[in-house]
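Good morning, and thank you for the time.

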Amino acid sequence: VGHSVEVGSNLSVPGNHYFDLMGATSDIRLARVFARDLSAHWRSLAGVGGPVANGDIDFVVTPKTGSPLLGACFAELLKMPLLLHNPEEKFRSNPMDPRSLFDFAVPPQAGSHGLLVDDSSTGGGKALRLIDDLRACGWNVSDFIVVFEPQLKASTNDNAAARLAPKGVTLHSIIKT
């Protein structure tokens, strides 16, 4: 988007452009292209000598309000189950049922380790809620991989990487914009 925009739902910041990869990855062909790029980047990060200490994952998780086709293509490439995170509970129950927050075919076992995947993350708001919901269900996450990492909020320390770090989650991106 080549005109002035505001980015962020909690703390908006102005910008003079916006990369709409979320919109682009609604095309399955483009989602597959970017999923290949992300999976190659993940393999370099989590492979021998890479900076990710424990690259063993049991599932991929993507916010429904993010780029779900990208997450699905990524999970398919890694031959991993996919969880889709709902921004709001679908229902409430006692005890808490993970299906109220996540869509999945088979639930991961308690203690399973997921990898968060999306197109981008500016302030990390969606990711923070997703991380809290994963952990409330007894699942772990320590890494979040995106195609690009907007730097609109980098100077405010309200950027995604800074907000995820206290949760013990590292943001990895192919490119910073």
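I shall begin with the overall fold, then turn to one helix pair, and end with a single arginine.

This is a predicted model, in which local features need pLDDT of at least 70, side-chain atom pairs count only at pLDDT 80 or more, and totals for chains, interfaces and linings use all residues. Residues are numbered from 1 along each chain as its sequence is written, and side-chain values use heavy atoms, with hydrogens and water left out.

The protein contains five helices and eight strands. These are DSSP runs numbered from the N terminus, helices being H or I of at least four residues and strands E of at least two. Along the sequence, their order is β-β-α-α-β-α-β-β-β-α-β-α-β. Of the 177 residues, 43% are buried, where buried means under 20% relative accessible area, exposed over 50%, and partly exposed in between, with a 1.4 Å probe and protein chains only. Taking contacts (heavy atoms within 4.5 Å) between residues at least 6 apart in sequence, 68% join residues at least 24 apart.

Let us now consider the helix pair. How do α2 and α3 pack? Helix α2, residues 28-46, meets helix α3, residues 68-78, at an angle of about 55°, and their axes are 8 Å apart. The axes are lines fitted to C-alpha atoms over the stretch in contact, and angles run from 0 to 180 degrees between N-to-C directions. The two helices are therefore oblique to each other; under 35 degrees counts as roughly parallel, over 145 as roughly antiparallel, 65 to 115 as roughly perpendicular, and the rest as oblique.

On the α2 side, the contacting residues include Phe34, Leu38 and Trp42, and on the α3 side they include Leu70, Cys73 and Phe74. The contact divides into 12 nonpolar residues, one polar and three charged.

Within α3, the buried residues are Leu70, Gly71, Cys73, Phe74, Ala75 and Leu78. Their cover includes α2 together with strands β3 (59-63), β4 (82-85), β6 (113-120) and β7 (140-149). Just after α3, Lys79 takes a positive phi of about 55°.

Finally, Arg135 lies in helix α4, residues 125-136. Is this residue buried or partly exposed? Arg135 counts as partly exposed because its relative accessibility is 35%. Leaving aside residues up to four places away in sequence, Arg135 touches Val141, Lys167 and Val169.

Technical notes
Nonpolar A, V, L, I, M, F, W, Y, C, P; charged D, E, K, R; others polar.
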